[in-house]
Amino acid sequence: MSFGQGGPFDGPGGSSSSTPDWGALAEESEAQTRRKRRLWIGGGALAALAVAGIVTAAVMTSGGSKGGKPTAAPTASDEAAVPDDKPSFPDVSVPPPPNPRDYISDPKKDKAPLTPATLFAQKSMVVGEHSYPRTKTATTKDCTAGAQGPLVSSLSHNGCRQLLRATYSKGGVAVTIGVAVFDSPAKAAKVMNENKANLMPLPGGGVPSDFCQGTKCRMATNATGRYAYFTIAGYLNGKDVTGTETKAQQIARDGGAYAFSQITQRGKDQAAKAAEQQLKDAQKKAGQS
């Protein structure tokens, strides 16, 4: 018996043939192929999950933020907690403005100083285009001292508290204004309705002592609030005032209008001061609340 090149092949248990087992090799190759397929499928799934997780994290941490800095999306509670930038001030409740007429009608409110310097403060009486320099002022608690004729008893019976007078003169005519103060508008109106406007003229400063004494002069009376006011106007030379002349009548009308405006202004000034105090009190109260 002859042997091929390379000598005999002795395997375990004896000699074996040099021909390979092709069936066994085919089965082994197929088994290895199945193992590789299972490993690839499992690893691929895990890799896909890992990539999905990375993408999700990236979206949550960097979604839409500027400069690459992560920002968290606001929640409902976060939005509710945002403070209001508008300042908040307490309500200030201010009463309606005072009525000026109340201050010239009620002695409890009419507390401003009352003197010729406050009532007839201007050096000239200016009414429209007309201006008359002031020549003299006076005041008295005894109202009868500045009156004559029937006006004396009218002032006394109705409880006149004070009588203030001022005289204005220009162009040969003059007017004396008298303002009487009472406790109520009813008392002032009663004096007005009695129509006894016999005011005593007030001479001085170029107005002669016999002004409207023994001559015909124009007289008038009126009232507003708790004040009655009177005028007596005439010529400085003793000329009688007639129904056809105009100068004395004009200064008489201007004197009445001026007296009314001065009394009314007194009410306005006190009402304005009261309104200012009301506002301060309301602001102080609001600041303490």
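Helix 6 (residues 185-194) lies across strand 7 and strand 8, at about 155 degrees to strand 7. Here, helices (H or I, at least four residues) and strands (E, at least two) are DSSP runs numbered from the N terminus. Angles run from 0 to 180 degrees between N-to-C directions, with axes fitted to C-alpha atoms, for helices over the stretch in contact; contact means heavy atoms within 4.5 Å. The model is a predicted one, with pLDDT of at least 70 needed for local features and 80 or more for side-chain atom pairs, while totals for chains, interfaces and linings use all residues. Residues are numbered from 1 along each chain as its sequence is written, and side-chain values use heavy atoms, leaving out hydrogens and water.

What do these helices sit on? Six strands make up an open, antiparallel sheet in the order 3-4-5-6-8-7, where pairing takes at least two DSSP bridges between strands. Strand 3 (124-127) and strand 7 (218-224) are the edges, and the twist averages 25 degrees from one strand to the next. Seven bridges join strand 7 to strand 8 (residues 227-235), with Asn 222 opposite Tyr 229.

Helix 7 (residues 247-288) lies across strands 3, 4, 5, 6, 7 and 8. Helix 7 also gives the largest share, six residues, of the largest nonpolar core, which has 26 residues. Such a core is a set of buried Ala, Val, Leu, Ile, Met, Phe, Trp, Tyr and Cys residues joined through side-chain atoms within 4.5 Å, buried being under 20% relative accessible area with a 1.4 Å probe, protein chains only. Met 125 is one of the members touching the most others, and the contacts of Met 125 beyond four places in sequence include Tyr 168, Ile 177 and Ile 251.

Note on methods
Buried < 20%, exposed > 50% of the residue type's maximum accessible area, 1.4 Å probe, protein only.
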